[in-house]
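Here is a friendly walk through one structure, with the cut-offs spelled out along the way. Please keep the viewer open as you read.

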Amino acid sequence: MSPNASSLAASLVQSVDWLAVAPPTVAALAGLAVLVADLFLPERRKHLLGWGAIAGLALAALALLPLLDGDRSTFCLTTGAHACSYTADTFALVIQFLVLGGALVTALLSFSALDDLKLPAGEFWFLLLSSAAGAALLPAARDLATLVIALEVASLPAFALVGLRRGDRLSSEAALKFFLSSVTATAVMLLGVSFVYAATGSLHLSRIAAALTHVDPRLDTLAQAGVVLTLVGFAFKTAAVPFHFWVPDTYVGAPVPVAAYLSVVGKAVGFSGLILVTVLAFPSYADVWGPAVAVLAALTMTAGNAAALRQRPERPFSAVRLLAWSSVAQAGYLLVPIAAAGYADSGQDASRAVGSTVAYALMYAVVNLGAFAVAALVARTSPANRITDYRGLYAARPAAALALGFFLLCLAGLPPGVIGLFAKVTVFSAAVDAGLGWLAVVMALNVVVALYYYLQWTTELFRTSEPAAEPEPVPAAGAAVTRPRAVPLTVAIALTAAAGIALSGAPQLVLRFASSALL
Amino acid sequence: MNHTVQQLLLAALVVLPLLGSAAALLPAPPGLRGRGPDQAVMRHGVTVTGVVLAAAIALAAGFDHDHPARMQAQTDIGWIPALDIRIHLGVDGVSLPLLVLTALLTFLSALYAYANRPSGPSPKAFVALLLLLESGTLASFAVLDLMLFFLAFEMVLIPMYFLINRWGGAERERAAWRFILYTLLGSVVMLLGLLLVGLKGGTFDMVALATDNGSGLSHTTQLIAALAIIAGLAVKAPMWPLHSWLPDAHTAAPTVGSVLLAGVLLKMGTYGLVRIVLPMTPDAAHTYAPYLAAFAVVGIIYGSLACLALARAGAKGDLKRLIAYSSVGHMGFVLLGIATLTPTGVNGALFANIAHGLITGLLFFLVGALKDRYGTTDLDQLSGTSGAALYGRAPRLGGLLAFGAVASLGLPGLAGFWGEMLAMFGAFDPADGLSRPAYLAYMALAAFGTLLTAAYMLIVVRRVCMGDHPIAPGTGTEAERPALADVHGHEFAAWSPLVALTVLAGLWPAALLGLTDPAVQQLLAGGTR
C-alpha cells in the first residue's frame, strides 16, 4: 500500500474508543439479548428476563467506572478543526449514571406491575432497555444529529411503553397523545436544526458555537429562528409550559413504573439536551435564550403548582396526577439554573450554574422514584390510586408511609428532607448569583404553594383511617389478598429511601456538582 | 471547664434529642418496658429531655461568665463545601439563657405530659415529635451558620404542625394549616434574604459576617436582604400585622404545644433579629428601626385591646386565646427594645424574651389545668354570673394563676418588670440618628399598653379567681358545686421551677443582664469574637 493510500485510509477509518461508548452500548446489547431470549424462554421462566435486564443495566452502570479518570472523546473529525461526536466528560457520566440508575429502579418497580397488569414481559424489558440506551447516549452526544437520534431512541420505545396495557382505552389514548405531541415537537426541532446547519455549516456543537459568533448578517434571522425552534423540541421533552399538557394524561394512562421512568429519565433526557444545546452550541445567543428560559421556568413552575393545587384527593388516580403536575413544577425549578447560565459572564460561570441543575436533577431522581415506588406499592391494593387511599397508610405499613412522607418532604424542601432543601438552595443561589432576583422570588412563592399540597398528602398518611364508609368491593377470588409479596418493589423503596437519607446526611455527594465545572 | 467537654455538651444538646426522637419510634428494649408501651415511651421522653436539661445546666455552669461576649464551646467542621456550609456551633451570653430556657421548658412539658397524657393518637409519635421540636429549637440557638440557622428554623415547623394537628382541640386542622403556611411563607422569604447576605458577603458564617458588620454589603443589598429577613422573622416573633396565625394556633394547640410555642418558638424570631439583622446589616437595621418600633407599639396596643375585649363579660372570650393575644403585646415590647438599637433596649428585649418564656409558659400550663378541671377555657362559662371563685375552691391553683397574671402585667420584683422597663428606657433615649420625638411617642404608647395589660389581667383574675358562692335559686342555701382538685403533685413539679425562676429573675436581674450585656455591646459595635 502506498503511503498516500494508507493516510487516506487513516482519514476515513477512525479508531473507536469502545470503552467510552460502553455504557449506552451495553444497555442496547442487553436489550437485544433480552428480546432474543424472550423467544426461547418458556412462559413460567419469563421472570428471568427481568433479572437479565437488571443485570444489563447494572453492567452498563459499572461500565462508567473506568471512565472516571478523565474526559474521553471518540468519533472525532479526522480533518480540519478538532470536533467530536461523543464525549464522556463529567457531565455525561453523571447524567448517564442518573439515567441508568433511574432505569434500574424502574426495572425493580416493574416486576409486580408486569404480573398484575399482565404486560408482555419480553417486549417490556426490550423497550425499557432500548429507551435507557438512547437516554444514556444523549448526554455524551456532541453533535446535533447524534442528539436528535439519541432523543428519538429514548422517546420511541417510551410511546410503546405507555401504550403497553393492551385493551386499555386510557392507556392507548395516553400513548397516542404522547406520540402526537412528541412527534410534532421533533418535527419542529428538526426544522430548527436544519436552519442552524444552514446558517453555520456544521452539526458539531463546538463548531456551531464558533460559527454563530460571526453569522452572515443575511442569515442572522435564520440562525435565530433555528436556535429558538431547536429549543422548542427540548422544552417539550422537559414538559415545560406550554408543552406540558400531555404529562398528566400520559402518566395516568401509563403503568405506574413507566410514569416513574418518564418523570425521571425522560426529564433527564430533555434537560441534558437543553443544557448541551444552550451552553455548548448557542452561547453567543445567550441574550435570546436566557430570558426565554427564565420566563419559561417561571411559567412552568407556576402552572404546575397551580394545577397540582387544584387536584381533588378523592378523584381516581389523583396520586399519580398530583405527582405528574408536581413533576411539571419541578421541571420549572430545574430550568432556573439553565436560565441563569444565560446570564453568566463566562463559560466557566455558565457551566457552574448548569451544575446546579445536575445536582437538583440527581436529588429529584432519587426522591421522585421513591415516591412513585410507594405509589406503585399502594396501587397494588387500591388500583384507583386516589390520595384518599393513602389515609392511614402509617397504621397499615409504617415503613412505606414514613418513606413516602420523607420523599414528599424532600420534594417540598422541608426538613427532614435536608437534601431537598439544599438542592433548592443551590438553585436559588444560582438565580441570585446571576442577578435573576425576580425569578428567585417567583420560585420562592412557588415553593410555598407546593408545600401546601405535599404537606396535605403527608398529613393524609398519618391520619387515622376512618371506619370504612363504603366497604371495599371484595376482590374477585381474593386477588388482592393472594398477590405475592413484591420483593423487588420493597427493594426499590429501600434503595431510594437509603439514598435519600444518605444524601440528607451528606448533601455534598450531589451538591459538589453545583460548585464544579462539568462541561 | 475543659473546652472539649463544653464542645461535646453543646453538640449533645442538638444531637441527643434527635437520637431520642428516632429511638422513641422503636420498640422499647427489654428492661425498659415499664407498665406498657405508652408509659415506657412517655418515660423515655422525660429521660431524654432530663438529660438534655442536665447538659444545658452543665454547659451554663462551665460557661466562662467573665467573658460572655466571647463565642464559647465552638465546633466548626465543614459539611457541604459546595455551598460553603459549615457545622458551626457556639454559645455566648445571648444564646446561653435561651438554650437553658428551651431545655427547661421542654423537660417540664415532657414531665407534665407524662402524668397528664394528651388525648390524641399514639404517645410514641407525640414523644418523637416533642424531641424533634426540642432538637430544632436548640439547634437554632446554637448554630452559627446562616444556612444551618435556616435549617433549624424550618425543622421545628413539621413537629409543631403535627402536634397541633393531631393532639389539638377544636378547629385544630385549620389552625395548624394557618400556622405552617404563614411561617413557611415567612421563612422562604427569609431564605432569600439570608442567601443574599451570604452570597454577597462571601460567607455564611455568622461570626465572620457579624465581625464584618455589614462592610462587605452595599447599602442596597443590605436594605433588600434585611427587609426579607425581617419579614421572615417578624412572622415568627410575631409582629403585628403578621400575627394572625398565633391566636388560632395557641387556641387549638394542646397545653404542651402552647407552652413550647409561646415559650421558645416565638423567641427564635427575636433572637434572629438580634443575632442576624443587627450586626450583619447595621445600615438597614438603622433604616428600618423606626418602622419596626412603630409596628411593635401597634402590636402592644392591639394585643392589649384584643385581650380587654376578650376579657369582658359576655364576650365568650377563650382564656387561651387571651393569653395568646397577650403574647402579641409582650413580644411587641421585645421588638421595641430591639428597634431602639441601644444596648439598654436590646438587653431589655433579651430579658423580656426570657421572662415571657417563663411567665407565659406558666400561664399556658395553668390554663391547661383549668381546662382539665372544667372542660372548657371559655371565660364566660368558667366564671358564670359572679366568678369562678378559684380562690375558694382550689386555692393553690387560684394563687398560682394570680401570680402568673401579676407577673405578666409587669409587677416590679417579678421577671416581667425588667425587660419591659428596659425596653421603654431604651426608647426614651434611642441610638444616634433615630428620631427621638418618635421614640418618645412610642414609649408613651408602650407605657399606656402596660396599663391596659394590667387592666385585662386584673379582670381575668377577678373573674376566674374571685367570686361569690352562688346561691341556688329558691332555697337560699349554697348551691352544690362539683369538687375541684387542687394542684396535683406532677403539676407542682412542672410549675414550681417556673415560679421560682420568675421570682429569681425579678429580684436578681443582674444574673441575666450580666450575661447578655457584654455580648449585646459587642454585637451592636460590630461582631462577635
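Is R174(B) buried, partly exposed or exposed? R174(B) counts as partly exposed, because its relative accessibility is 48%; buried means under 20% relative accessible area, exposed over 50%, and partly exposed in between (1.4 Å probe, protein chains only).

## Ground rules

This is a predicted model, in which local features need pLDDT of at least 70 and side-chain atom pairs count only at pLDDT 80 or more, while totals for chains, interfaces and linings use all residues. Residues are numbered from 1 along each chain as its sequence is written, chains are lettered from A and ligands numbered from 1 in the order in which they are written, and side-chain values use heavy atoms, with hydrogens and water left out.

In chain A, the annotated span is 78% helix and 0% strand, with its end C-alpha atoms 36 Å apart. The span in chain B is 81% helix and 0% strand, and its end C-alpha atoms lie 33 Å apart. Helices (H or I, at least four residues) and strands (E, at least two) are DSSP runs, numbered from the N terminus.

## Where the chains meet

The interface brings 29 residues of chain B into contact (heavy atoms within 4.5 Å) with 36 residues of chain A. Together the two chains bury about 2,800 Å², of which 83% is on carbon and sulfur atoms. Buried area here is the accessible area (1.4 Å probe) that two parts lose on being put together, summed over both.

One salt bridge is found across this interface; the rule asks for a side-chain nitrogen of Lys or Arg within 4 Å of a carboxyl oxygen of Asp or Glu. E173(B) pairs with R463(A), with 3.6 Å between the closest N and O atoms. These two residues also belong to a salt-bridge network with R391(A) and E460(A).

## Other salt bridges

Over all chains, the structure holds 21 salt bridges. One of them joins E171(B) to R174(B) at 2.6 Å, N to O; E171(B) is exposed because its relative accessibility is 54%.

In chain A, D216(A) and R218(A) form a salt bridge at 3.1 Å, N to O. D216(A) has a relative accessible area of 30%, so it is partly exposed, whereas R218(A), at 72%, counts as exposed. R312(A) and E314(A) are another pair, 3.2 Å apart from N to O, and E314(A) is partly exposed at 43% relative accessibility.

## A nonpolar patch and a buried serine

L156(A), L176(A), F179(A), L180(A) and V183(A) make a nonpolar surface patch of about 440 Å². Patches are made of residues with over 30% relative accessible area and no salt bridge: like charges are joined within 9 Å, nonpolar side chains (Val, Leu, Ile, Met, Phe, Trp, Tyr) within 5 Å. Accessible areas come from the Shrake-Rupley method with a 1.4 Å probe; for residues, only the protein chains shown count as cover. Helix α7 (residues 169-200) of chain A gives the most to the patch, with four residues, while L156(A) sits in helix α6 (residues 144-162) and is partly exposed at 47% relative accessibility.

In chain B, S187(B) lies in helix α7 (residues 172-201) and counts as buried, because its relative accessibility is 0%. Leaving aside neighbours within four places in sequence, S187(B) is in contact with F150(B), F153(B), E154(B) and L157(B).
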